[in-house]
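Hi there,

Here is the structure I promised to pass on to you. Have a look at it first, and then read on for my notes on what turned up.

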Amino acid sequence: MDSQSKSIVWFRRDLRIEDNPALAAAARDGSVLPVFIWCPEEEGQFYPGRASRWWLKQSLIQLEQSLKSLGAELVMIKTRNTLATLMNCISAVGATKVFYNHLYDPVSLVRDHNIKQKLAELGVSIHSYNGELLYEPWEVYDDKGHAFTTFDAFWNECLRMKSEPASNHPPWRLVPAEGLVDKCLVDELGLENELEKSSNALLGRGWSPGWINADKAFTEFLEHHLVSYSKDRHKVAGNSTSLLSPYLHFGELSIRKVFHSVHMKRILWAQEGNSVGEESSKLFLRAIGLREYSRYVCFNFPFTHERSLLSNLKYFPWSADQAHFKAWRQGRTGYPLVDAGMRELWATGWIHNRTRVIVSSFFVKFLLLPWQWGMKYFWDTLLDADLESDILGWQYISGSLPDGHELERLDNPEVEGFRYDPEGKYVRHWLPELARMPAEWIHHPWDAPLTVLKAAGVELGLNYPKPIIDMEEARDRLTEAIFTMQEQEAASGATNGDETDEVVFDNSKTAENVGIPMAVSRERVPCRTTSSHDQRVPSMQNLVNGILNKKRRKPAEDEKPLQSNCHNNGNDKGKVSKMDDDFCSTAESSSSKKQNKSSSRTAFSVPQAISISSEARSLQEHESSDRKLYLEDEISTEETSRKIGALEA
């Protein structure tokens, strides 16, 4: 260790001490100044929501305590410019190096590249590391140097590669870098206002953020719940998933530790002949693979938060029906399982993976609403909201991925209800107006005899809505929309034969991947030192052819830890180019603000950058509602019509 060397450790979504490569490297190098910079303005339309910000605040509190016990204080700063703030910190302590771990979402990629370039010009040595993935996105390509465009091909290649287990143990001591830096308390970051605290207090009853709690939660899942994961993961109610996704999103849990711990369980169960445990561990590892793939897609195709990966939806006639959008958000579609899921999301910020698939499929296929709107709403309301996973999940459901759902696939919510909530327990919990409906009719009350409805106290159109769209009508509308899309695409192709777009064409029917250029490093500006771990930046050329009370108990000092949901995986049997049926998510929750104690007022605006149709651009809607509380989970997919799906939020 060079006692004279001073470094900045820039924390972002890597809020842990264990297996934190940037922190470990800086600690070995000399004295350190741990810094967390909160810059809401730079988040733009992806400013995290209330529940996600609550989690972030609690995680920062635990990280601050941990760093202090090691000898260095976490400096928290709220600013309007991250680069300027980093430069101030460097100047204040005389630091010559900056250490940080990579992020892969579009916003962070641009910001990190600009910061790295500017600091290098000033002679500051930048050292960046992989603290979030098993493999960096630029490490996984086919033998022609092209990016994979199907999950199976990507994950099979990953499994062939050597993956090192977690090795960065927590530093036993940190030497603080001396200097005077303007800082603020965690309460001064603005992650939580007074009007949000009463709602946020409910979150603490079911969740325990922080890297120490993350480790407890993972141990609980690994030792007691992983073995039955393959049997339980499709249940829409109860603790059927790992509940790890919020911890993974905020980097409170090392993905390498998770992967290798589960892998060892798989080997052990295989030796013992425990086929259920072996299948469970295999499915969970594939769920981790889906999380990896979401980062891989966003890095290699950075336009996917706005446009479809495939070119097929370019001419799709999306419906800008604000009334349908509002009914979906409020859980008033008239389809019980869809409504129950949306009400749970609004009340708790969390829904099961399969429920996410069901409500998102209804959103896109029944209502023909643009997938970008749904993605943004999930980002604004889910506790574990994760942009990359949400992008992959919504594009999967919309048929925008080579191995995603077919666009014409229309799943019946009534059938899905009887499949995943056969007794109607989940629906009754979240739709009390249907609590007395017999299981026979609970997923299609519109078909129930009047005597049954009367006995159950249900008045369709009064205390519970009639379906906003009939199944057959939805099928006809979807068919017509696909026909219109194909006509317009054909007409455009005949007119603009020479135009190229930054999209990927469907290659699922061919054995080879699309020829997408491998991501390459931009030329580095000379600086004092360089790091072999520096993050690469993708080429920007055109890419070839253009239930809160249902959660596990909150861990006390000596209690079992509560887990957050992690990405589920899907069946892989016989599916060559289809994703898993349990795709997970990690994104951030909504930015609504409570105006008074009796009601909450949410300002939800559809991102203006999204191009849909001429009449659907720049939609903004403001809505009042009584309920105020949200979180997020991961997204899964269902297996219907012999297809495997995956979605995530």
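Let me begin at the surface, where Asp470, Glu473, Asp476 and Glu480 come together in a patch of negative charge. A patch here takes residues with over 30% relative accessible area and no salt bridge, joining like charges within 9 Å (for nonpolar side chains, Val, Leu, Ile, Met, Phe, Trp and Tyr, the limit is within 5 Å). Asp and Glu count as negative and Lys and Arg as positive, with His and the chain ends not counted. Each charge is placed at NZ of Lys, CZ of Arg, CG of Asp or CD of Glu. Asp470 sits in the loop between α20 (450-456) and α21 (471-495). Helices (H or I, at least four residues) and strands (E, at least two) are DSSP runs, numbered from the N terminus. Asp470 counts as partly exposed because its relative accessibility is 45%; buried means under 20% relative accessible area, exposed over 50%, and partly exposed in between (1.4 Å probe, protein chains only).

Before going further, a word on the basis: this is a predicted model, in which local features need pLDDT of at least 70 and side-chain atom pairs count only at pLDDT 80 or more, while totals for chains, interfaces and linings use all residues. Residues are numbered from 1 along each chain as its sequence is written, and side-chain values use heavy atoms, with hydrogens and water left out.

Now the overall picture. The protein chain has 21 helices and nine strands. Of its 649 residues, 62% are buried. The chain exposes about 24,800 Å², and carbon and sulfur atoms supply 49% of that area. Accessible areas come from the Shrake-Rupley method with a 1.4 Å probe, and for residues only the protein chains shown count as cover.

In α1 (residues 21-29), eight of the nine residues are buried: Pro21, Ala22, Leu23, Ala24, Ala25, Ala26, Ala27 and Asp29. The cover over these buried residues includes β1 (6-11), β2 (31-38), α3 (50-70), β4 (97-101) and β5 (125-129). Just after α1, Gly30 takes a positive phi of about 160 degrees. Helix α16 (residues 371-381) has 11 of its 11 residues buried, among them Trp371, Trp373, Tyr377, Phe378 and Trp379.

What does Trp55 touch, leaving aside residues up to four places away in sequence? This residue of helix α3 meets Trp207, Pro209, Pro246, Tyr247, Phe250, Glu252 and Leu383, a contact being heavy atoms within 4.5 Å. Trp207 is 152 residues away from Trp55 along the chain, yet their C-alpha atoms are separated by 8.8 Å. With a relative accessible area of 0%, Trp55 is buried.

On to the charged pairs. Side chains of opposite charge can pair when their charged atoms come close. The structure holds 28 salt bridges, each defined as a side-chain nitrogen of Lys or Arg within 4 Å of a carboxyl oxygen of Asp or Glu. One of them joins Asp112 to Arg12, with the closest N and O atoms 2.8 Å apart. That pair links distant parts of the chain, 100 residues apart: Asp112 is in helix α5 (residues 106-121), and Arg12 is in the loop between β1 and α1. Both Asp112 and Arg12 are buried.

Glu132 and Arg291 form another salt bridge, with 3.5 Å between the closest N and O atoms. Glu132 is buried at 6% relative accessible area, and Arg291 counts as buried at 1%. Salt bridges with shared partners join Glu132, Arg291, Arg295, Asp386 and Glu388 into one network.

Lastly, the backbone. Most residues other than glycine have a negative phi, and most peptide bonds are trans. Asp19 is not a glycine but has a positive phi of about 45 degrees; its place is the loop between β1 and α1, and it counts as buried at 3% relative accessibility. Leu368, also not a glycine, has a positive phi of about 55 degrees. It lies in the loop between α15 (353-366) and α16.

Best wishes
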